[in-house]
Amino acid sequence: MINYDEILSEKVCSIKFSGIRKFFDIAASVKDVVSLSVGEPDFKTPFAIRKEAIKTLEKGRTTYTSNAGLEKLRKAISDYLDYTIHTRYDPLHEIIITVGGSEAIDAAFRAILNPGDEVLLPEPSFVCYGPLIEMADGVPVYIETKAEDNFKLTPEQVLEKITPKTKALVLPYPNNPTGAVMRRKDLEKIAEVIRDRNIIVISDEIYSELTYGAEKHVSIAEIEGMKERTIVINGFSKAFAMTGWRLGYACGPAPIITQMLKIHQYGIMCSPTVSQYAAITAMRDCREDVDYMVSEYDMRRKLIVNGFNEMGLTCFEPEGAFYVFPSIKSTGLSSQEFCQRLIFEKKVAVVPGDAFGECGEGYIRVSYAYSINHILLALKRIREFLDELNG
């Protein structure tokens, strides 16, 4: 009989499954659950994008593209970023099209990390960074961001964690799960710390379009001296409601993008052709669709923040993405206990904060990428849960 313990990779076996997926699975097993757990737009992909995909299929455009992606799409991305973050990238040498933003993050880590290299990683943050760093033989060095700092990363925190082994810093803003945003003045302070060091910034800007308030999203690549030391990760899932289309991209210095292309070439070949043609239409013709979705999220954001604060669960007001991160410390329950009891007793699914790092204990992540009626029903049940807990 084969011994799988001897066959399997020790490194991979040591990595835990996503804490988010655990609650997705529980929610799927409980009837009539009202879920606020999924980080996925509830809007359909804009019609113009779907129409272009159909036309692409009708024309038989179903062959491989170049490994780096359609040149026309890379040019569209270059123009788009020139408009949105005032930074232009060479479509031929500084942009690669990937299967979602997650593949771009994975390829970035594998392209730059040698065994033992350290990567500074603010938490709470999305669940993929730490495991991907470890699978690339790097060492994640966690930096706890705090509610009193609006969950922003401070230059003092970065300085404290830098060592001779530091290779990279992850900037996951706008942030999942907190909704925190780093504004220009915040990024300039981080740039002062990084600019004179041989450290690469991996800036995950997948929620860049979902930034609220008068000041639009700012990329650290815009800051003087930072473009040549930054890999910008983005994609189409969140802003254009294209999660299932699996399309992302990375922009950065040509020497790094070249090595990422090598990884992508052997592991993936190319991103889905139909999705690539559709994405050109998304960037060219769907600005109004994005603006509409953002305005809807903004309305939901205000509703859900007020709802949690009124029921006594202190909630930081997010400035980006489509999540809130209320504190449940006043209940005396752990994040896991709160979420499990809530789903079984009131049939509401949210995600425990510790799924996003140990410092997320005492919080829950709640997505407002749902309809107003859906959110109101969930808030009503959560209030009932708290009343019964306190009664």
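Begin the tour with the cysteines: the count of disulfides in this predicted model comes to 0. A disulfide would require a pair of cysteine sulfur atoms within 2.5 Å, and the selections below show how two of the cysteines stand against that cut-off.

Select Cys-128 together with Cys-359. The cysteine sulfur closest to that of Cys-128 belongs to Cys-359, and because the separation is 16 Å, it is too far for a bond. Next, display the surface around Cys-128. The residue is buried, at a relative accessible area of 13%.

Cys-339 takes part in no disulfide, as the nearest cysteine sulfur, in Cys-315, lies 14 Å away. Is Cys-339 buried or exposed? Its relative accessibility is 1%, so Cys-339 counts as buried.

Viewed as a pair, helix 5 passes helix 11 in a left-handed crossing.

To see what lies between them, show side chains on both helices. On helix 5, pick Lys-72, Leu-73, Ala-76, Ile-77 and Tyr-80. On helix 11, pick Gln-276, Ala-279, Ile-280 and Met-283. These residues make the contact of helix 5 with helix 11. Finally, colour the selection by residue class. The contact divides into 7 nonpolar residues, 1 polar and 1 charged.

Terms used: Residues are numbered from 1 along each chain as its sequence is written. This is a predicted model: local features need pLDDT of at least 70, side-chain atom pairs count only at pLDDT 80 or more; totals for chains, interfaces and linings use all residues. Side-chain values use heavy atoms; hydrogens and water are left out. A crossing is left-handed if the near helix is turned anticlockwise from the far one by less than a right angle, and right-handed if clockwise. Helices (H or I, at least four residues) and strands (E, at least two) are DSSP runs, numbered from the N terminus. Contact means heavy atoms within 4.5 Å. Ala, Val, Leu, Ile, Met, Phe, Trp, Tyr, Cys and Pro count as nonpolar, Asp, Glu, Lys and Arg as charged, and the others, Gly among them, as polar. Buried means under 20% relative accessible area, exposed over 50%, partly exposed in between (1.4 Å probe, protein chains only).
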